[in-house]
Amino acid sequence: MVKTVIEGLDIVVVDKLPLSEFLDVFGSYDLLPNDALIAATCRYHGIKRIATFDEDFKRVDFLEVVEV
């Protein structure tokens, strides 16, 4: 059932992130560590849009925030 939901929503399960990618985003965008991890993972995997209520992601220039 969970696999069907994931496939239906086109969710991508990602692998490990290089520490340097995290540190670059964390140091460049003044994000909390968990937000920096999310943003760095997006950049590393070429994800350009993110649906979130968190206003902090709006200052990340490589992400387009989709408001839901």
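Predicted model: local features only at pLDDT ≥ 70, side-chain atom pairs only at ≥ 80, totals over all residues.
**Entry 1: confidence**

I began with the confidence values. The mean pLDDT of the protein is 89. I noted that 97% of its residues reach 70 or more. Where is confidence lowest, and where is it highest? Helix H1 (residues 2-8) is lowest, at a mean of 73. H2 is highest, at 96.

I looked up the salt bridges next. The structure holds 5 of them. I took Arg43 and Glu21 to start with. Their closest N and O atoms are 2.6 Å apart, and the two residues form a salt bridge. Arg43 sits in helix H3 (residues 33-44) and Glu21 in helix H2 (residues 19-29), so this pair ties together parts that are 22 residues apart in sequence.

Arg43 also meets Asp24 in a salt bridge, at 2.5 Å from N to O. This pair, too, links distant parts of the chain: Arg43 is in helix H3, Asp24 is in helix H2, and they are 19 residues apart. I therefore logged Glu21, Asp24 and Arg43 as a network of salt bridges, with a bridge counted when a side-chain nitrogen of Lys or Arg is within 4 Å of a carboxyl oxygen of Asp or Glu.

Are the members buried or partly exposed? I checked each one. Glu21 is buried, because its relative accessible area is 17% and the cut-off for buried is under 20%. Arg43 has 28% relative accessibility, so I put Arg43 down as partly exposed. Asp24 has a relative accessible area of 36% and is also partly exposed.

**Entry 2: Asp56 and Arg59**

I then turned to another pair. The side chains of Asp56 and Arg59 form a salt bridge, 3.2 Å from N to O. Asp56 is partly exposed, with a relative accessible area of 25%. Arg59 counts as partly exposed as well, at 38%.

**Entry 3: Asp35**

The nearest side chain of opposite charge is Arg59, 6.7 Å away. Leaving out residues up to four places away in sequence, Asp35 touches Asp54, Asp56 and Phe57.

**Entry 4: geometry and packing of H3**

I checked the length of H3. At 1.5 Å a residue, its 12 residues should span 16 Å, and the end C-alpha atoms are 16 Å apart, so the two values agree. Gly46 follows H3, and its phi is positive, near 75 degrees.

Which residues of H3 are buried? I listed Asp35, Ala36, Ala39, Ala40, Thr41 and Cys42. What do they pack against? The partners are H2 and strand E1 (49-51).

**Entry 5: the nonpolar core**

I finished with the largest nonpolar core, which has 14 residues. Val25, Leu31, Ala39, Val60, Phe62 and Leu63 touch the most other members. H2 and H3 each supply at least two residues of this core. The largest share, 4 residues, comes from H3.

Setting aside neighbours within four places in sequence, Leu31 is in contact with Val25, Phe26, Ala36, Ala39, Asp56, Arg59 and Val60.

Note on methods:
Residues numbered from 1 in each chain as written. Heavy atoms only, no water. Buried < 20%, exposed > 50% of the residue type's maximum accessible area, 1.4 Å probe, protein only. Expected span 1.5 Å × (residues − 1). Contact = heavy atoms within 4.5 Å. pLDDT = per-residue confidence, 0-100. Core = buried A, V, L, I, M, F, W, Y, C linked by side-chain atoms within 4.5 Å. Lys, Arg positive; Asp, Glu negative; His and termini not counted.
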